[in-house]
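Please look through the sequence and the 3D structure shown here before turning to the notes below them. They are meant for a reader who has not seen this structure before.

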Amino acid sequence: MLELEGRRIPIREGDTIASALHRAGVRTFNRSLKLHRRRGLYCLTGDCPNCLVTVDGVPGVRACTTEARDGMRVERETGWPSAETDMLAATELAHPLMPVGFYSKTFIRPRLAWPLAERAIRRATGIGTLPADRAPRRLDARNVHTDVLVVGGGVAGLAAALAAAERGERVLVCDEGRLGEKVAPGPIRERLEALGEEARRSERIELLERHVAVGVYEGPLVPLAAEGGLVRVHPRRIVLATGAVETHGVFPGNDLPGVWLGRGAARMAGVHRVRPAERAVVALATEEGLAHLEVLRTAGVEIAAVLAPLELAERIPPEVRALPDGHVVAAHGRRGVRAITVASGGLREEIACDALVLSLGLAPRDALLRMAEAEPVLAAGDLARPGCSLAEAEETGRAAGRGEPVEPRPPESIKLGRDGIVCLCEDVSLRDLRDAWAEGWRSAEILKRYTTATMGPCQGAMCGRILASFVAARAAVGEAPTLRPARTTARPPARPVPLEVLAAGVHETGAKRTSLHERHLAAGAAMERSGSWLRPSRYAPDWREDHRAVRERVSLMDVGTLGKFLVAGRDARALVDRVFPCDVERLAPGRSRYLLALDEAGYVMDDGLLCAMPDGSYVITSTSGGAERMEAWLRNWIDRLGLHVHLLNRTAELGAINVAGPLARELLQRLTDDPLGPDAIPYPGHARITVAGVPCHAIRSGFVGELSFELHPPRSRGPELWDALMAAGRDLGIHPHGLEALDVLRLEKGHVYLGQDTLPDDHPGKLGLSWAVAMDKPAFVGKVALARMAELPLERRLVGLRFDAPPQRGMPLTLDGRVVGRVTSCAVSPTLGYPIGLGWLRAVDGAFPERLRAGGALATVVPTPFYDPEGARVRA
C-alpha cells in the first residue's frame, strides 16, 4: 500500500506510482504552474510535467517512471486547498488581464511592488516545497573509462552495444529506466528482450539501468545520475540512441486529463494492465499508432472513432469507425475529457468519450545530441530516423556501434491548431506566442526568454519543436528575416536531477600519497591533507616530542611531496640564469642556492633550491603544491626564449626524506661509505651518495634550522631507505616528525610559508628576501618591475614578532586601536620558551611601528631568525 493524502492505495507488482493511482481512480495528478489547470497522465515516458508529485516529502517526482513501494507517502502540492478542489484555478479567469510578459511589464514601478508580488507569486506557483529539515545524503561518485558509451537501452542502443563488443571494444550501456519497461507488448518488446539477454551475456558490455545521462561535456564526459550517486563516464566515443518522443498536439483543451499520448496509453494498458479509459477517440498518423490501437482494443477500451490519414485508415479493422484524413479540433470537459470535436471530410462532429489518444508523429529526443556537436557522437534508431521500423532501428544501431555515421531523416512537420497549450510546464499557449511575436520578439531564443516556453522541467521535450515550427511558419510568410527554424540551445541537465546527486562525491577528496604512506600509518601518524597531498601531521600525541627529536637528536621527515626537476641541454644554464633572480654565474658544481620564482610583475610565486650538477645540468626543487605550476612556467619560458632545454619533472619518480638533527651525519655515516663531512658536502651543497645500498641525491638544506641531509632516492626504494634509517638510528633516539613540528621549526628560523605568510602581490623586498635577488644581473623575470618598485617607499613588510601571550593566527595587529597588520604565523617556541610569530605590518606616517597589540597580547617587532641567527647549527 502507498498513501495518497491520507488515502491508502493498493499497489501491484510492476506498478509505478502513476499506474497505482490511475487504477484507484485518480485522474488529476497536479495543477499547472500559472493557471492551475487540471493535469492528468499524458506521456508515461518522463517527458512531460503532468505527473509530478511529492513523494516522502520530496517534490518534483515523476509518478509515471517511479516504482511504487509499500509505505510511500504521495502528495499533490500544486493546489489550494487541494489539487482536486483548487481555489487558485480562478487565476485562469484573469488570464486575459495577465498577458505574456505580464510580470516584466507590471511590477517595474513602484519598486516596492515586486517584493510583495513575488512573495504571493511564489506561494501560488511551483511544484512543491523542499524539505528544509531533511539531512543530505552522502552519495558516492565514480569514474568509468570505456571505449564506447551507449545512451539508451532500446533496440537501436542494444544493437549498437553488441556491434561494438564484436569489434573487441569495451561498452557501457545506460538507460534511464529498466530495459523495455516503457514498451507495450509486441514485436518491439520481444526483440528488445532478446537483445537484452544477449548483451547481459557479453563480457564486454556493462548495463547500467536507471542511470540518466545528464549531459555531454567536452572530453567527452557524460555524467550519469542514479539514485545512489553519480557515474562520470569518459568514453572514446558515444552512441546516442535516446529514441523519440511523440508529438504534442496543440488544440483547445489539449491539456485536459484524459488526453494521452499513444505510448502512454499503450503502456498503461499493455504493461500495467490498467485501462486508460472506457471510451476513447484515437488520432494516429504513424505505423506505431496502429499498434497502440490494437493494444487499447485488447485491453477492453471502446474505440469511439479513429482519425487517420487515408493510407492508414484503410488498415483499421472494419468494426472500428475510421474517419479518413480527420483531425482533432478541440477537446471539451472540466474535470477531464468528456467529448472531442473532430473534423473530417469538411464536416465537424462532437464525439462523447473520456479519453483522446494521440499518435501524431515522432520527434527525436535530441537534447544530448545537440549538446555534443563537437564531440565524437553518432545517433541511431528513432533519434536519427524518427518513426523507423524495427529492422531499421537495429540496422542503424549496429552501424553506429561499428562507428559508421547514420544518414539522418528529418522529422515530420508539426501542424498547429488555432490555440491550445504549447508548453505544459509553463502554461504558455499558442495565443501567448502570437502575442509575443506581435510585440516584436521574433526568434526562438528570444521567445523562449520572454514567454518562458521550454524553460520548465521537461526542458522543451514537448514544446521545443513546436516553438521552432511556430517561428519557421512566421518566417515562411515573410514576417521575420529567419532563414531556418532554429532550436533553442540545449543545456545540461537533459533530465531533472536532484542537486544532491550532482554533488555526489563532494565529500570524497582525492589525495596524492607518497611511497612512505603505509610506513606513516604503521608508526601511528595522524594524517592530514596538505594541498593535494596526504601527509603526517604528527607522530607523537604531543607534537613537541617530534620537535624535540629534531633539535636534540635526529629525526626523519617525508618530503617526497616537493617538486623535483632536472634541467638539461645546451641552454640549461641560459634558462635558469634568465628566469631566476639568484646568482647562477658563480654557482659552482656541487653547490646549491636558495631560489625565488618571480612573475613578470616581480611578485613571488614559488621558492626552492637550485643545484648545479657536474655535467652542466641543474636540479630544481619547488614547494609541495607548486610542482605543476613550476613545470608549466619553465616550459613557457623555454618556448618564449627559443632555448634548447630538456625539462624533466621527476616529482613522481623520486621520493625525498629529510634527515635532520645534530646526529644526522652520525646516523648517515653508519649506512654509507661516502664522505659526509663539511668539506665533502658543505652547506649549501649536494652530492650523489649511496645510503643502505640505495642511490640518493643528498642536498644540504636548512629549512628546520639544524644539520640536514635531504635524500632523494628512487620512489620505489623509499620505504627500504626509511626502514634502514629508522633501524640504524634506534640507539640515537630517532623519531620522525610531521607538519605540526615543521611549522614551528621553520618559524623559529623565520622561514616563510608561501600562501600562509605571503600575499599574491608580494615582492622579495616585502618578505625580507632581497638578499636572494641579484639585481646586478643583466636580466631575469621580474627585474624591470623590481627596479621600479625599489624607487617607491615600502608600505608593507613581513616582520618577526615576539608576544607576551600566545595570540591566534590571523589576528589583527593594532596600534592605538587602528588595524595596521595581521599575524600570519605564531606558536609558543619549545626551544625559546616564549610565543613568536610572523606578521604583516603597514607603515604608519612613513615608519614601521615596533610595539603593537594582537588581541590581548603585546607584540614586539624583533629581527629574524629567532633561533640560531648565525646559522652555526645548519652549517655544522
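Residues are numbered from 1 along each chain as its sequence is written, and side-chain values use heavy atoms, with hydrogens and water left out. The chain has an average pLDDT of 92, and 98% of the residues score at least 70, where pLDDT is the predictor's confidence in each residue, from 0 to 100.

**Confidence**

- Over residues 480-485 pLDDT stays under 50, and for this stretch the model has 9 contacts beyond four places in sequence, a contact being heavy atoms within 4.5 Å.
- Where pLDDT is low, the predicted coordinates should not be read in detail.

**Nonpolar cores**

- A nonpolar core is a set of buried Ala, Val, Leu, Ile, Met, Phe, Trp, Tyr and Cys residues joined through side-chain atoms within 4.5 Å; buried means under 20% relative accessible area, exposed over 50%, and partly exposed in between, with a 1.4 Å probe and protein chains only.
- The largest nonpolar core has 49 residues, of which V150, V171, I205, L224 and L368 touch the most other members.
- Helix α4 (residues 155-166) gives the most to this core, contributing 8 residues; helices (H or I, at least four residues) and strands (E, at least two) are DSSP runs, numbered from the N terminus.
- Not counting residues up to four places away in sequence, V171 touches T146, V148, V150, A161, A164, A165, R204, I205 and E206.

- The axes of helix α6 (residues 262-270) and helix α7 (residues 287-298) come within 9 Å and cross at roughly 35 degrees; axes are lines fitted to C-alpha atoms, for helices over the stretch in contact, and angles run from 0 to 180 degrees between N-to-C directions.
- The crossing of α6 and α7 is left-handed, a term used if the near helix is turned anticlockwise from the far one by less than a right angle, with right-handed used if clockwise.
- On the α6 side the contact is made by G262, R263, A265, A266, A269 and G270, and on the α7 side by E288, H292, V295 and L296.
- T286, in the loop between β16 (279-284) and α7, is buried with a relative accessible area of 18%, and beyond four places in sequence T286 touches L312, S359, L360 and G361.

- Most residues other than glycine have a negative phi, and most peptide bonds are trans.
- G219 and P220 are joined by a cis peptide bond with omega of about -5 degrees, and P220 lies in the loop between β11 (212-213) and β12 (222-226).
- Y683 and P684 are likewise joined by a cis peptide bond, with omega of about -5 degrees, and P684 is placed in the loop between α19 (664-669) and β36 (686-691).
- D427 is not a glycine, yet has a positive phi of about 60 degrees; D427 sits in the loop between β25 (421-423) and β26 (428-429) and is buried, with a relative accessible area of 3%.
- T454 is not a glycine either, and has a positive phi of about 75 degrees; T454 is found in the loop between α12 (444-451) and α13 (464-476), and counts as buried at 4% relative accessibility.

**Single residues and their surroundings**

- I466, in helix α13, is buried with a relative accessible area of 1% and, leaving aside neighbours within four places in sequence, is in contact with H248, V250, I414, L416 and V422.
- V357, in strand β22 (residues 355-359), is buried with a relative accessible area of 2%, and the residues that V357 touches beyond four places in sequence include W260, L261, G262, A265 and L296.
- R715, in the loop between β38 (708-712) and α20 (718-728), is partly exposed, with a relative accessible area of 31%.

Methods. This is a predicted model: local features need pLDDT of at least 70, side-chain atom pairs count only at pLDDT 80 or more; totals for chains, interfaces and linings use all residues.
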